[in-house]
Amino acid sequence: MADAKVIPFDDDRSRGNGASGAGSGENGGSAAPRPSRRRGGAARRKGATGAAGAAPAGEVQPLPVRGGAAREDDGTAPHGPSGTASGRPAGDDGVPGDDGAAGGDGGLEQRIAGGLAFLRRRLTGNYEIDDFGYDAELTDQVLMSMLRPLYENYFRVEVKGVENIPAEGGALIVANHSGTLPLDGLMMQVAVHDHHPADRHLRLLAADLVFVLPVVNELARKLGHTLACAEDAERLLAQGELVGVMPEGFKGIGKPFGERYKLQRFGRGGFVSTALRQGAPIIPCSIVGAEEIYPMIGNSKTLARLLGFPYFPLTPTFPWLGPLGAVPLPTKWTIQFGEPIRTDGYAPEAAEDPVLMFNLTDQVREQIQHTLYKLLVQRRSVFF
């Protein structure tokens with residue numbers, strides 16, 4: 001594999017000139033090209049309903065989405081007040097089914113029909129993705145369902161402060177980064193997807209290493225991730241998207257176990273400059289529990305250099321136990337979203353003020369660090 005290099009997130013130069021940034025690292029490098037917008041042979045079919053609310057003859061209902069808002073085109077159930085799926089697929093009479101329990105054959109039939117409809121759309125290319133490669137339907141119906149057992153049953157993530165995330169408009173979530181493998185970013189994405197009352201989706205900015213790994217590259221694009229460069233971040237914020245960044249990058253995720261929960265440097269404030277240009281609020285996010293999933297007691301720099309990785313972790317179980325050693329420890333997680341730091345009150349030229357960027361960067365970092373210490377004091381143990 002070619003050496004993967006990390007690009008500074010705060011490099012505002014256009015990628016068209018060969019320079020794009022990765023908010024998760026310090027070293028320069030080339031960015032993977034963004035895939036062009038792809039669309040299926042036809043636009044996604046809008047769901048038409050009859051006078052009684054039932055689908056026309058010959059139409060099949062799509063697979064229900066857990067954690068997604070009700071859509072006109074797929075008839076999926078909306079969120080409940082808690083942010084989880086509020087109901088089961090409705091039967092022909094408009095009454096929610098019982099997922100195949102006694103007397104709920106209609107619900108089971110709809111689930112089967114919905115699954116077949118989903119497969120038909122995927123096989124025929126009758127679905128849409130955006131300019132960044134984000135596939136909303138695949139994310140809602142498949143990828144989130146794959147991540148949710150890890151989120152709910154394995155790490156048992158507790159979410160706090162989700163009400164601090166605005167219901168609409170662009171916003172930048174800035175979080176600490178840890179855990180040897182970037183599972184914390186994925187768990188944060190599930191937390192927003194499943195718990196935000198406005199059913200918002202988090203678009204993560206990732207290092208260029210993610211986009212040179214086979215399979216991982218395609219899945220990251222489908223989930224809505226993009227390169228951690230100022231250009232992409234500003235485009236997403238301008239479109240009113242919720243954007244997530246972890247400024248520590250490889251310095252945070254690859255730090256030794258003895259330095260757990262001690263924030264590393266946040267770069268030169270590139271994420272602050274991006275937020276200032278768009279007038280987007282900055283929301284600090286603190287994640288506790290990820291540091292202990294792979295206790296990193298060593299780093300094989302020789303293997304890392306040969307494989308083109310920024311580090312090669314040595315843990316109590318990996319690589320000594322082979323593939324079994326790659327299983328993360330089932331720690332108990334807490335994700336807390338802090339109060340927003342507003343940026344819309346600053347003049348446009350404030351984005352070029354290095355003193356202001358340094359002060360805001362330090363403010364965000366201190367708020368995350370303080371919350372980490374508070375959560376550590378409150379938790380009973382690493383696993384419970």
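The model is predicted, so local features need pLDDT of at least 70 and side-chain atom pairs count only at pLDDT 80 or more, while totals for chains, interfaces and linings use all residues. Residues are numbered from 1 along each chain as its sequence is written, and side-chain values use heavy atoms, leaving out hydrogens and water.

Now look at the surroundings of Ile173. A nonpolar core is a set of buried Ala, Val, Leu, Ile, Met, Phe, Trp, Tyr and Cys residues joined through side-chain atoms within 4.5 Å, where buried means under 20% relative accessible area (1.4 Å probe, protein chains only). In the largest such core, which has 34 residues, Ile173, Met188, Ile287, Trp333 and Phe337 touch the most other members. Two or more residues each come from H2, strand E2 (171-175), H3, strand E3 (202-206), strand E6 (282-288) and strand E9 (334-337). These labels are DSSP runs numbered from the N terminus: helices are H or I with at least four residues, strands are E with at least two. The top contributor is H3, with 7 residues. A second, separate core of 30 residues includes Leu172, Met357, Leu360 and Leu375. In soluble globular proteins, nonpolar side chains tend to be buried together.

Next, follow two helices. H2 (residues 136-154) and H3 (residues 183-195) have axes that come within 10 Å and cross at roughly 110 degrees. That makes H2 roughly perpendicular to H3, a word used for angles of 65 to 115 degrees. Axes here are lines fitted to C-alpha atoms over the helix stretch in contact, and angles run from 0 to 180 degrees between N-to-C directions. By class, this contact has 8 nonpolar, 3 polar and 4 charged residues. Ala, Val, Leu, Ile, Met, Phe, Trp, Tyr, Cys and Pro count as nonpolar, Asp, Glu, Lys and Arg as charged, and the others, Gly among them, as polar.

Another helix pair is H7 (residues 270-278) and H9 (residues 354-378), packed at about 110 degrees with axes 9 Å apart. H7 is therefore roughly perpendicular to H9. Phe271, Val272, Ser273 and Leu276 of H7 meet Leu356, Met357, Leu360, Thr361 and Val364 of H9. This contact has 7 nonpolar, 2 polar and no charged residues.

Finally, visit Ala304 in helix H8 (residues 301-307). Ala304 is buried because its relative accessible area is 3%.

Terms used: Parallel < 35°, antiparallel > 145°, perpendicular 65-115°, else oblique. Buried < 20%, exposed > 50% of the residue type's maximum accessible area, 1.4 Å probe, protein only. Contact = heavy atoms within 4.5 Å.
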